[in-house]
Amino acid sequence: MCRKAFYIRMMSSYEFQNDLEKLLDVMPPKVVSHLTQERLNDVIELVLDIGRIPEVRHAGGKIEKLETDVVNDDDIKYVTARIQEFTHDNRSGIPGTLHRISAIKNRQGKVIGLTCRIGRVVTGTITCIKDICTQGKSILFLGPPGVGKTTKLREISRLVADELGKRVVIVDTSNEIAGDGDVPHPAVGASRRMQVAQPELQKDIMIEAVENHTPEVIVVDEIGTEAEAQAARTIAERGVMLIATAHGNCLESLIKNPTLSDLVGGIQSVTLGDDEAKRRATQKTVLEREKQPTFDIVIEITDRDTLAVYKNTSEAVDYILRGWPIRPEIRKTNSIPNQNIADNAKEVISETKTEIQTAKDNSMNFSFSRHDYVEKVKPLKKVYLYAVSRTIVEKIIERLDLNVEITRNIEDSDIIIAHKNFAKGGAKILSSAQEYRVRVFYVKTNSMAQIQKVLKDALDIQPGDTDITTNFKDETELALDEAKAGIKKMQEGAPEIELLPQNQQIRKLQHELVEQYGFKSVSLGDEPNRRLKIIK
């Protein structure tokens, strides 16, 4: 089969643009003859080392050796004669493609090995975060090598330049984003590209891009030095949207990296006052965020299909420094959250219209405000309770009409509400919360007012978000307040205290409250005058 026919048959099986024909044109014939279609379906790199059998590296980590002779000096020269000269970072490419060829040299500067990385134009990798990319906020991608960080930068560049009409400038070190040659690869759309001659000059080109070419968006791959981090901050402070990747697998590792921690606000040691240290239940010297982060959003790429999104970098860094569990929003590349949100919103609007019409039909005094709609479209929050009265929580949820569900599994929960008695002492709830990255909120007592206040804090319900105020008192809350007053009198020396008659459900809550303070209680009388007596 001729080489051209082989390319055509091979290329027809791909869903994305590979430009494999141009890469195979520069490979030694003995290598090309063993590169079957099956071998090239998910290939990432071709490795040629003198004195060794050529290797094919696949996406899943599999390394396959070709059934051919070892690589010799002529094979290396065959490749190097057909590509451009290697730059200072020992990299070269093929004009008009995204392929990268890196050299290994001996001490005399002779090329003795080649790593040929196959660049692909893969579309759809940012579908699940398209809503984030169109907000105009600066985004930092983190992740190990080979998970597709550069691929996502390439697609975001095209999205922002073509669909949003923004002025995009790519600072392209080693031509990894927009390919080799003077003309940027079509995969980046209308984005302009500034090439970087040497990696150490990347910081200078970043500043030059802002000063000379009036960009609205700058895209940078692999911020790895303190000078580049400072250049990124300068760009962000000038109001330019910055899309970049950085060395580091996760946000926590980036915070601990003294060279790059400035990207997320930097850290500093702070000495707290006695009262503040006691309130936080921490030592007096703690680590805190030093300033505003350069990037508004941080996205961890855990694998090619999974992204962990921190929508508020400041909040995420503060939580991590204080040791509070925080759970990022997990998104999959094969999901479209925007569509789901839109569908849910349509359903809510439809339900709300039905409720309004029903209210009118029944001649009810119905009042509908913008808050009613906003509250309904908020995503469902799952709450795990630990030593907290489920009955009271359920009543608060019902009374405030919250979109909250009580779950029995910590791993499914968004927040945990626990009694303060379990805040220390190595309680299992703390280790579980840390494991599943769930934030814990503590209540001092199992009173209606206390639980309601903590629940509002946990759900970030601001004043005015609901018609029910914190000072609202219902019969349960009044009854529990009466029990607390009775407990206080018992602590002051009263032999016994008899409370007002209550129904069975409220009496049960009073019994639980009394027991927490080390007293006993009994029920007296018959319904509807059955009541509680507190005794020692």
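1. Buried means under 20% relative accessible area, exposed means over 50%, and partly exposed lies in between (1.4 Å probe, protein chains only). By that scale R57, at 31% relative accessibility, counts as partly exposed. E55 is buried, with a relative accessible area of 18%.

2. This is a predicted model: local features need pLDDT of at least 70, side-chain atom pairs count only at pLDDT 80 or more, and totals for chains, interfaces and linings use all residues. Residues are numbered from 1 along each chain as its sequence is written, and side-chain values use heavy atoms, with hydrogens and water left out.

3. Side chains of opposite charge can pair when their charged atoms come close. A salt bridge here is a side-chain nitrogen of Lys or Arg within 4 Å of a carboxyl oxygen of Asp or Glu. The whole structure holds 29 of them.

4. E55 and R57 form a salt bridge at 3.8 Å, N to O. E55 also pairs with K65, at 2.8 Å, N to O. E55 lies in strand β2 (residues 55-58) and K65 in strand β3 (residues 63-65), so this pair ties together parts ten residues apart in sequence. Strands (E, at least two residues) and helices (H or I, at least four) are DSSP runs, numbered from the N terminus. K65 is partly exposed, at 46% relative accessibility.

5. The network of linked salt bridges here takes in E45, E55, R57, K65 and R117.

6. K291 and D262 meet in another salt bridge, at 2.9 Å, N to O. K291 sits in the loop between β13 (285-289) and β14 (297-303), and D262 in the loop between α10 (251-255) and β12 (267-271), 29 residues apart. D262 is buried at 9% relative accessibility, while K291 is partly exposed at 33%.
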